[in-house]
Amino acid sequence: MPEAPVLKKAVMPLEGVHCASCVARLEDGLGALSGVARVSVNLPSKTAFLSYDPALTGQKAIADRVEELGYKVLAFSQSSAAAGNTALKELEREKGVFLRRFALAVVLTAFLLADLVADINPYAMMIVAGLAWWYAGKHFHQGALRALKAGTTDMNSLVSLSTSVTYFYGIYVTVSPGAAHYHAQWHEVGMLIAFINLGRWLEARSKSRAGEAVAALFKIAPKFARRLKDGKEETIPAEDLLPGDAVLLRPGEQVPVDGRVTGGSSAVDESLLTGEAVPVEKEAGARVYAGTVNKTGALEFTAVGVGEETVLMKIIKAVEESQAEKGAVQHLVDRISAWFVPAVLLLAAVSAGLWLYYGQGPARAVNIFAAVLAVACPCAMGLAVPMAVAVGFGRAASAGILIRNADVLERVSGVDVVIFDKTGTVTEGKLRLEGLKPEGSEKDFLRLLASAEEKSEHPFAEAVRARTRKAKVPPQPTTAFEAVPGKGVRARTAEGEILAGSLKWFDELQVPVTPAARADISASPDSMLLVALDNKFKGYAVLADSVRPEAAALVQELIAMGIEPVMASGDRQAVVAHAAASVGIKTWHAEVFPEEKRQIVMRYKALGKRTAMVGDGFNDAPALSEADIGMAMRSGTDVAAQASDMTLMHNDLRSVIDAVKISKAIKRVIKQNLAWAFAYNIILIPLAAGAFYPKWGVVIPPSFAGAAMALSSVSVVMNSLRLKRKKI
C-alpha cells in the first residue's frame, strides 16, 4: 500500500482580493493545481491557507498560478506570525489608498458639481472628470483588467464598467455635435467613485478591527530571550532559540518559549492561557509556556517548544485557520456569488436595452446601465458569513474558547444533551494521594507505583509523582510502557511487570484482589489506584479530588436552557454517583471504557438528540470525535484537543455555556447579514433598473447607487462587529 504524501501547509497574504468572486476564483484555480490538497481563502484577512504536496508543486508554481488568476502573493510562509503581520500591513496600505483616492474624488467632484450653478467649459469638465475616473478610480480599473485577463469578472468589473460607460458616453456627447442636446453627467462619475472609495475605506477599517483579537495575540508573543551558552548569558531574538537551549528568566520577564524548568523556583502568571488570576508555582520539572509572565524568583529552563511549536503560536494558528474554514452556508453563498456578477452584467444590459427599445433615449439607457452595475454588491453577500465568523471566532478566542471550524455553529444551536467526563472536567483533576493501603512495605509499594506511572500523562500519575518526589522514592527504569485508555498502565522493570489501574481492569485481567480491599474500594467515594506486580496484588492508593466550584451552577444553567447534563466516567460506581450528586447531575454512567463512552454518545444520537461531549483525556478522544460537538479542556491531552471541535483554554466549566452562547450569537449575526445582503440586492437592483418607474416614477441615479453599494458592505461589516461588544 503506497504511503500517503507528507503535506506542507502554507499561509499566503494576497493583494487584490476584494469580494466573494475573487475568493471563488482563487479557490477553484489553486485547487486545480497539481499537488494542492486543500485551499481556503479568508476574505476579511485576504489570506489563503493551503495544504500541498512539495513533491508535486512548490512555492513558485503556486505563486505563478496566483499571478495568472490576477492577484499577487505578498508572502509565502508556514509561520502564522509572519503571514499575519504581512496581511495586517497590506490592509493598512489599502486603507491609505482608499482614503487618498476618496479625498481626491471629493475635491474633483466639488469642481464638477459647480457646473450645476455655473457655466463651465465642457472640455474642462471632461478633463477633470477624466482625472476622477482614472486617478481616483485607478485601482478599480486595474482590478477589472486582472479579472478580464483571468477570463472572469468581479466587483471591480462592475465599478469599472459603470464609471467607464458614464464617462465615455459623456465624452461622446461632448465632442459629437449631433448629441449636443444631452448634457454630460460628469458629476455622476466623480460621485460614484467617491462613494465607492469611501465605502471601501470604511470596510477596510472595519476589517482591521475584526482581526484585533488575533493581532493582540501576535503582540503578546515575546520578542527576546536570555540564552545561557558556555556559561555566559546572551540576549537573542526569541525566534532564534532552538530546542534544548538553556534559558534564564528573571522576575517580571515573559517566558520566550515553551520549556521545562531545570533550576530555581518562582510563581508564573499563566492567565493568558488559563484565565486563572492566581500565579502558578514553578520548580524543577514543571512546564512553562511562551507569553506567560514570571512574577517573583529567577528560573532556568530548557527550551522544548519553539517558534510555531509553542502553545501560544498553536492557539494563534488555530484561530486563523478556523476563521478560514467554511461551513455549508458559506459554500452555498460562494456558489451564488460566483454567478452573481455575470448575472448583474446581463441584467444591466437587458435593462438598458429595454429603455432604448421604449424610446427613452441613450442617455437614460446609459444611466440605467451604470446604476444597475453600481448598486449590485457581491461584497455584502461574500462578507456576510466570513466577517461574522472572523469577528465571532476572535471574540471566542479572547474568552478562551477556540472554535475549530464554522460547521460547529450549525450544530451547537440545537444541543439537547451535554455529556461530561468526571476527572479533570467536572472535578479539578488536581488529584492528591490521600492514603496508601499496601500489602507490604509502604516504600516498596511507592516504588512500584512511581515506576508504573513515571511515563503516564493521566492526572493520577501527576499525583503519584508529587507524592514520590516528596517521599524521595525514585522510580525504577522501565524497559517497556503501555497506557491502556480508561483502564490503567502497564510497565516493565527489572522487578517484573507492574500494573496500576482500576478494579474493573484488574477483574478483567483476573488479578486476584483480597476480599477486604475489594470491600473497602467498592464502598469508598474516592478514586482508587490498584497496583500489582507480576499479577500479584500489592495494594491500592486512595486519591482525592475536588469538584470544580462552578460545576453545580453550570449544571443548573444547562437544565434551565433545556439541555440535559450527563456524566460518563471510567471511575467506580460510588465515586461517580457521589460526584454527580454533588453537582446536580441525575443521569450518570460509571466504570465505562473509552469505547463505551463513545457508545453512550451514539445512543443519544440514535434517539435524535444533538449531543455535546466535554472531556480532557486520551480516553475521551473517541467520544469527543463521535459527538456532534466535542469540547476539550485545555488542561487535557493534545489527543483530546485534536479530536474536539472546541478547546476551552481557561479550564473553567462556565466556558461550556459561553461557547454555546457565542456560537448562537455568531449564527444569529450570519443570518442577519445574509438577510440584509439578499434583501438589499432584491430591492435595489430592480429599483436601479427602473422596474418601479412606470408606476411610481422612481429610479435612482448611478451616484446614489454607488452610495447604496458602499452602505451595503459597511452595514454587513458593522453588524458583524457587534459581536465584539455583545454581552455573552
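**Figure 1. Ser 51 and the residues it touches.** Leaving out residues up to four places away in sequence, Ser 51 touches Leu 7, Lys 8, Lys 9, Gly 35, Val 36, Ala 37 and Arg 38. This close-up, like the others here, comes from a predicted model. You can find Ser 51 in strand β3, which covers residues 47–52. Is Ser 51 buried or exposed? Ser 51 has a relative accessible area of 9%, and because anything under 20% counts as buried, Ser 51 is buried.

**Figure 2. Helix α6 along its length.** With 21 residues at 1.5 Å a residue, α6 should span 30 Å. The C-alpha atoms at its ends are 31 Å apart, which agrees. How many of the residues of α6 are buried? The count is 15 of 21, so α6 is mostly covered. The next two views show helices that meet α6.

**Figure 3. Helix α6 beside helix α12.** Follow α6 (residues 155–175) and α12 (residues 362–375): their axes come within 8 Å and cross at roughly 160°. The two helices are therefore roughly antiparallel to each other, and α6 passes α12 in a left-handed crossing. On the α6 side, look for Leu 158, Leu 161, Ser 162, Val 165, Thr 166 and Tyr 169. Their partners on α12 are Pro 362, Ala 363, Val 366, Phe 369, Ala 370, Leu 373 and Ala 374. In an α-helix there are 3.6 residues a turn, so residues three or four places apart point the same way. Sorted by type, this contact has eleven nonpolar residues, two polar ones and no charged ones.

**Figure 4. Helix α5 packed against helix α6.** Helix α5 (residues 138–149) packs with α6 at an angle of about 120°, and their axes are 8 Å apart. That angle makes α5 oblique to α6. The crossing of this pair is left-handed. From α5 come His 139, Phe 140, His 141, Gly 143, Ala 144 and Ala 147, which meet Asn 156, Ser 157, Val 159, Ser 160, Thr 163 and Ser 164 in α6. What types of residue make up this contact? It has four nonpolar residues, eight polar ones and no charged ones.

**Figure 5. Val 555 and its surroundings.** Val 555 sits in helix α20, residues 551–560. Val 555 is buried, with a relative accessible area of 3%. Setting aside neighbours within four places in sequence, Val 555 is in contact with Pro 565, Val 583, Gly 584 and Ile 585. Now look for Val 566, eleven residues from Val 555 along the chain: the C-alpha atoms of the two are separated by 9.4 Å.

Methods: Residues numbered from 1 in each chain as written. Predicted model: local features only at pLDDT ≥ 70, side-chain atom pairs only at ≥ 80, totals over all residues. Heavy atoms only, no water. Axes fitted to C-alpha atoms, helices over the stretch in contact; angles between N-to-C directions. Helix = DSSP H or I, 4+ residues; strand = E, 2+ residues; numbered from the N terminus. Parallel < 35°, antiparallel > 145°, perpendicular 65-115°, else oblique. Left-handed = near helix turned anticlockwise from the far one by under 90°. Contact = heavy atoms within 4.5 Å. Nonpolar A, V, L, I, M, F, W, Y, C, P; charged D, E, K, R; others polar. Expected span 1.5 Å × (residues − 1). Buried < 20%, exposed > 50% of the residue type's maximum accessible area, 1.4 Å probe, protein only.
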